[in-house]
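Visitor: I have just opened this entry and would like to learn how to read it. Could you walk me through the features one at a time?

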Amino acid sequence: MNEVIFTDANFEAEVLQASGPVLVDFYADWCGPCKMQGPIVHEVAESMGDKAKVGKLNVDESQETAQKFSVMSIPTLIIFKDGKVVETMVGVQTKDSLIEKLTKLA
Amino acid sequence: MSEKKQYDLLIVGAGPAGLTAAIYATRRKLKTLIVSMTIGGQMAQTNEIENYPGIDFSDGLSLSDNMKKQAEKYGTEFAFEEVLNIRKKNDLFIVHTNNNDYEAKSVLLAFGLTPRKLGVTGEQEFSGRGVTYCATCDGPLFKNKTVAVVGGGNSAIEAAEYLSKLAKKVYVINRTDQFRATPILLDKARGQKNIEFYCFTAITEIKGDGVVKSIEIASLQNETKKEEIILDGVFIEIGYQAKTEWLKGTVDLNKRGEIITDRDCVTSTEGIFAAGDCTDTQYKQIVISAGEGAKAALQIYKYIVGREGKVAIPDWGVCELVGTDKTANIKIEK
């Protein structure tokens, strides 16, 4: 499945109401490590297919959601399942570890 | 997942030293892998670079990205992994990461410096949840919030001045009333109305509930004088250190934990080289690290060619025989 663009507007429907695992990459354009994380998340989205929803949220454009989940360093990656936070990761995460975590929840 | 891949050179770190070494090594056809969790290191976190020759102005991200692209152009491979240890197996090094084992004929340690930790209760727990070590990275997430900056050097005062434009209120917590920051920076910070200075003061605890909520500070002149400040973020800017505990027994380190090298970036262990800020070089600058990286790559090229009993065809000025067979004169590449 392609990477999803999450926003304040669609977060409720796309993440909190979704069934199954959802990975959200909280990022910003000015953040160096986020530029490394971006392509990795993109690959994770491709590898997971329809087994998990994977996407990113720009913390400048969607401040409300970023604040709601206390994102204070980026990249922060949060895995949700059935609308609940399962795991919060701060800093760049590898492709394999993300796939492993999502696969376990799928 | 574990798979073995063999490289001529494995570089740990992707700051100016590692990236420059990769450019030089791959241009000499060494099969090169960079293992790093970030690109650019401290360079990428610098907002304004005005002292890199030939480049009037650059932000650190662009300069880092350009160096990376240049290294990639000549065939450098990248792995975004963390190196955990290096072992010798026969005449190869096994570099063990959180995800793979790589085999390499030579290793270049170029992982720079890591922010120094404060070492107080709550620091680890709230790291990334209000506690941060990079104002330019995380500052924008603290718009209209209250934050504290710990330290009195250039990075601390620069951070305080930068944050004062975003945050509602900035507290500067310093152990003395002496600031190591340059006077011009200090004056700038003192001119900001929303910066409040706490001198002879130390943080004793960072408190919170999921995220940072407050800090407890104590006067260093009067131990019983304690205070709690309600805030949202703590920026720790107390300098940098070489994170080299994992290398004890692998290469010689000095008292500060820096890797001891000779003038050609050679460490105490044959086949392992080091360059840039993680070494005992006195001056830590982007242009110096880049130069050290280039030097290391040339030395490594000589070493790799030498261990195959061949002679390096020098393209850097000095003509010297390497290897044991001094009569050999085999051309390695064009």
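Visitor: What share of the contacts in chain B with a separation of 6 or more joins residues 24 or more positions apart?

Guide: Two residues are in contact if their C-beta atoms, placed from the backbone, lie within 7 Å. In chain B, 57% of the contacts with a separation of 6 or more are between residues 24 or more positions apart. Please keep in mind that this is a predicted model, where local features need pLDDT of at least 70 and side-chain atom pairs count only at pLDDT 80 or more, while totals for chains, interfaces and linings use all residues. Residues are numbered from 1 along each chain as its sequence is written, and chains are lettered from A and ligands numbered from 1 in the order in which they are written.

Visitor: How many helices and strands does chain B have?

Guide: Helices (H or I, at least four residues) and strands (E, at least two) are DSSP runs, numbered from the N terminus. Chain B has six helices and 17 strands. Its C-alpha atoms fill a box of roughly 75 × 40 × 35 Å along the principal axes.

Visitor: Which domains is chain B divided into?

Guide: Domain bounds come from an automatic or database domain assignment. Here domain 1 takes in 4-113 + 242-307, and domain 2 is 131-236. The C-alpha centres of these two domains of chain B lie 33 Å apart.

Visitor: How much of chain B is buried?

Guide: A residue is buried if 20 or more other C-beta atoms lie within 10 Å of its own, exposed if 12 or fewer, and partly exposed in between; the C-beta atoms are placed from the backbone. Of the 334 residues of chain B, 45% count as buried.

Visitor: Which residues have the most contacts inside the largest nonpolar core?

Guide: A nonpolar core is a set of buried Ala, Val, Leu, Ile, Met, Phe, Trp, Tyr and Cys residues joined through C-beta atoms within 7 Å. The largest one has 124 residues, and those with the most contacts inside it are B:A21, B:L108, B:A110, B:V149 and B:V150. Helix α6 (residues 286-307) of chain B gives the most to this core, with 10 residues. At least three residues come from each of domain 1 and domain 2 of chain B. Beyond its neighbours within four places in sequence, B:V150 has contacts that include B:L118, B:I173 and B:F235.

Visitor: How far apart are the end C-alpha atoms of helix α2 (residues 60-73) of chain B?

Guide: The expected span of a helix is 1.5 Å times one less than its number of residues. The 14 residues of this helix should span 20 Å, and the end C-alpha atoms are 20 Å apart, so the two agree. Among its buried residues are B:G60, B:L63 and B:M67. What covers the buried residues of α2(B) includes α2 of chain A together with α1 (16-27) of chain B.

Visitor: How many residues of chain A are in contact with chain B?

Guide: On chain A there are 17, in contact with 22 residues of chain B. Helix α2 (residues 32-48) of chain A supplies the largest share of chain A's side, four residues.

Visitor: Which residues does the UniProt annotation "active site" cover?

Guide: UniProt positions are given in the numbering used here, feature names are shortened, and annotations may be inferred rather than shown by experiment. In the unreviewed entry, this annotation covers A:C31 and A:C34. A:C31 sits in the loop between β2 (21-27) and α2 of chain A, whereas A:C34 is found in helix α2 of chain A. A:C31 counts as buried because it has 26 C-beta neighbours inside 10 Å. Leaving aside neighbours within four places in sequence, A:C31 is in contact with A:I74, A:P75 and B:C137.
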